[in-house]
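Welcome! Please take a moment to look over the model below, then try each exercise before reading its solution.

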Amino acid sequence: MGKLLKFLPMEPRQTDSLRVVFILTFLLTTGLSENDQDLKFCGTWRHSMNHLSLNVNLSQGCQNVSVMANESSLSIEGQITSHCQRSDVIHLNEFGLNSEEESNFCVYWEPLLDQFKLQLRGRNLTLCWPASLGASCCTYLSDGPTEPEAPYGIINGTVRTDVISAKTRRAYKFIGMRVTCKELCEEAKNNHAQVSMNAGRNAQDPCAQSFQVEMKEDFQGINLTSPVTKGASEEPSATVHLPPALKQAAKGTSKAICTFFKNNFPFQEDQKEVWILNDVVEITVENEVITDLPEPIRIDFHHEPIPMNHSRKCVSWDTRKDPLQINWLVDGCETQQKAETHTECLCNHLTYFSVLVQLEPRPVRHLLALTVITSLGCLVSVISCVMLIIILCKKRRFKEPSLPIHLGLATSLALLNLLFFFTGIIANLVKESVCIWVGAGLHYALLSSFSWMGIEIFHTFWLVYMVFSPLPKDIGKLWCLFGFGLPALPVLILVLVGDIYGVREIIPSDDIANPYLMCWMKMNNEAMLAHYVTNITVLVILVSSGLVMLFLVYRKIQSRDEWKQNRVVFLSIWGLSCLFGTTWALNFLDFGPLSDLVPFLFCILNSFQGFLLVLRFFMLERMRKQTDGSSSNSSGSTRQQMLPTQEKS
């Protein structure tokens with residue numbers, strides 16, 4: 001209680017006893033402790049399914065804050081902030097809330113950072129941006145008067161882990177207490193230091209520290225360093241150099257403000273594959289928007305060692321473009337990795353800055369060697385497939401049923417390897433709008449190749465296993481529809497959905513500042529979902545069915561005379577037949593001790609797949625020439641080579 005009393009301003013002696021009684025009553029009725037400086041209120045919003053909105057009305061002061069809900073709107077309003085003022089109506093249709101009648105949400109209030117956040121259906125909305133320490137803070141919020149039940153409103157209102165009411169209430173009001181921010185900050189620092197010491201990790205500073213710089217006419221630049229956190233090393237974790245060009249760009253004012261944050265929690269994105277360093281720096285000039293500085297601002301971040309398999313980039317959050325959601329972008333910043341524990345950022349604008357650590361996908365080792373192998377393999381495959389297409393077109397007069405299938409697979413592989421060979425060049429030379437269509441074309445060629453591989457597997461199985469059930473003569477049109485037409489459907493849908501295809505970065509482990517660019521699927525959640533639904537699902541079906549059919553065919557032909565006479569040839573043919581599709585599954589083995597070998601096998605086998613297709617074709621031709629009898633009625637039919645002697649006669 002003494003810790004709480006010291007936050008109260010001095011009053012005349014005659015009112016001291018009344019204030020002590022008030023505080024005792026306040027503590028006993030609310031059950032607050034020293035850990036309740038901030039607020040975390042969660043619940044479920046029961047609403048209709050049409051035209052939902054978020055109403056925000058927050059202003060400076062320390063009275064109360066109300067969270068209200070009805071059939072169509074969720075409202076947050078009150079006087080609780082030190083710096084922030086916001087009055088806005090936000091339409092929630094873009095968050096997909098029209099599909100259900102209940103939405104989970106949480107409201108977060110951090111008085112030391114003057115930050116107000118709303119988490120709605122897993123999306124974090126920043127209603128008040130993190131700011132420096134103010135003069136007074138509104139803290140120790142307590143639940144106010146109880147509201148009556150209603151058909152629409154908030155269900156299961158909870159503060160931290162304590163359920164306030166399981167009923168549906170229209171509103172929850174929380175009454176605040178004004179205290180001195182500096183003393184509240186010291187209290188929070190002591191708590192954080194104790195927790196960090198017990199956990200064996202470095203302490204995070206819950207408070208932000210600001211420095212105001214007066215840029216006079218003869219301003220020659222200045223260096224600012226972050227305060228040293230209690231319990232941490234004596235070295236400053238961040239250093240900012242403001243160049244003289246900042247004075248020239250700031251025409252309307254001469255004051256620059258630099259704020260150091262040592263707590264990264266308020267700045268984390270929704271994405272789990274990235275992480276922000278503990279240090280975040282905000283640089284502003286009063287009432288000015290500064291961009292395109294001729295001399296960049298230099299920010300040096302000193303941090304814990306970052307493993308080589310995780311890339312790092314200097315990023316900034318432009319609150320003008322993304323006022324609601326934290327969105328870290330590399331635009332306007334250059335990354336220079338000085339050491340394993342030192343990253344230097346050169347940025348040409350003012351806003352929030354930090355270093356983004358990419359957890360997934362991890363940088364690719366030996367990317368240059370893999371790129372050279374893949375490019376060579378794609379070039380050889382394109383030439384091989386074109387050559388095979390010419391040969392097959394000349395043989396079409398023999399009306400061999402398998403020729404259209406070989407021709408379709410060769411065409412799709414030629415298109416796939418051709419686009420893959422040029423995708424890196426296109427991504428670096430053209431606009432992203434062109435790369436969208438190239439990425440869509442590459443995806444179509446991949447799905448088309450998978451489809452023709454499946455047709456090859458099915459057709460070979462049918463010729464061997466379904467001896468007395470020949471396929472219809474005009475089935476070639478159905479093959480073309482399945483191999484060329486069906487893959488276009490998901491690609492067109494994804495193009496219409498949007499934000500699926502575009503420039504994709506592949507980061508090399510030896511030079512993560514210069515990623516390899518290609519036109520393919522992006523790395524956002526929608527694109528990853530599309531990748532798993534289309535590519536991975538088709539691949540699993542292709543590989544599993546290929547292995548099953550290969551096993552069945554092996555059992556069928558192992559007792560035949562042709563198998564005994566040409567066992568090596570049969571193994572080679574069926575091995576290459578199984579090869580189409582199964583090699584793409586090598587990517588699943590890229591872990592542990594195989595992580596260096598598998599990428600090379602993957603690139604070699606898949607980029608040279610067109611060449612292997614030609615090799616398979618010529619081996620079939622060789623086997624045809626070695627087979628006795630009935631050769632005049634066939635042009636290399638797989639069925640003719642593998643049927644029993646009595647069937648061929």
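This is a predicted model: local features need pLDDT of at least 70, side-chain atom pairs count only at pLDDT 80 or more; totals for chains, interfaces and linings use all residues.

Residues are numbered from 1 along each chain as its sequence is written, and side-chain values use heavy atoms, with hydrogens and water left out.

**Exercise 1.** Describe the protein chain as a whole.

Solution. Start with the elements: the protein chain has 16 helices and 26 strands. These are DSSP runs numbered from the N terminus (helices: H or I, at least four residues; strands: E, at least two). Next, look at burial: of the 649 residues, 48% are buried, meaning under 20% relative accessible area with a 1.4 Å probe, protein chains only. Finally, take the contacts (heavy atoms within 4.5 Å): of those with a separation of 6 or more, 70% join residues 24 or more positions apart.

**Exercise 2.** Work out how helix 5 and helix 6 are arranged.

Solution. First, find helix 5 at residues 367-394 and helix 6 at residues 403-429. Their axes are 8 Å apart and the packing angle is about 150°. Axes here are lines fitted to C-alpha atoms over the stretch in contact, and angles run from 0 to 180 degrees between N-to-C directions. Helix 5 and helix 6 are therefore roughly antiparallel, the word for angles over 145 degrees, whereas under 35 counts as roughly parallel. Among the residues in the contact are Cys378 and Leu388 of helix 5 and Ala410 and Phe421 of helix 6. By class, the contact has 16 nonpolar, six polar and no charged residues; Ala, Val, Leu, Ile, Met, Phe, Trp, Tyr, Cys and Pro count as nonpolar, Asp, Glu, Lys and Arg as charged, and the others, Gly among them, as polar.

**Exercise 3.** Now do likewise for helix 5 and helix 13.

Solution. Helix 13 covers residues 597-607, and its axis comes within 8 Å of that of helix 5, crossing at roughly 15°. The two helices are therefore roughly parallel. Residues of helix 5 including Ile373 and Gly377 meet residues of helix 13 including Phe600 and Cys603. This contact has eight nonpolar, four polar and no charged residues.

**Exercise 4.** Decide whether Ser451 is buried or exposed.

Solution. Locate Ser451 in helix 7, residues 432-465. Its relative accessibility is 12%, so Ser451 counts as buried. Leaving aside residues up to four places away in sequence, Ser451 touches Phe482, Gly483 and Pro487.

Notes:
Angles under 35 degrees count as roughly parallel, over 145 as roughly antiparallel, 65 to 115 as roughly perpendicular and the rest as oblique. Buried means under 20% relative accessible area, exposed over 50%, partly exposed in between (1.4 Å probe, protein chains only).
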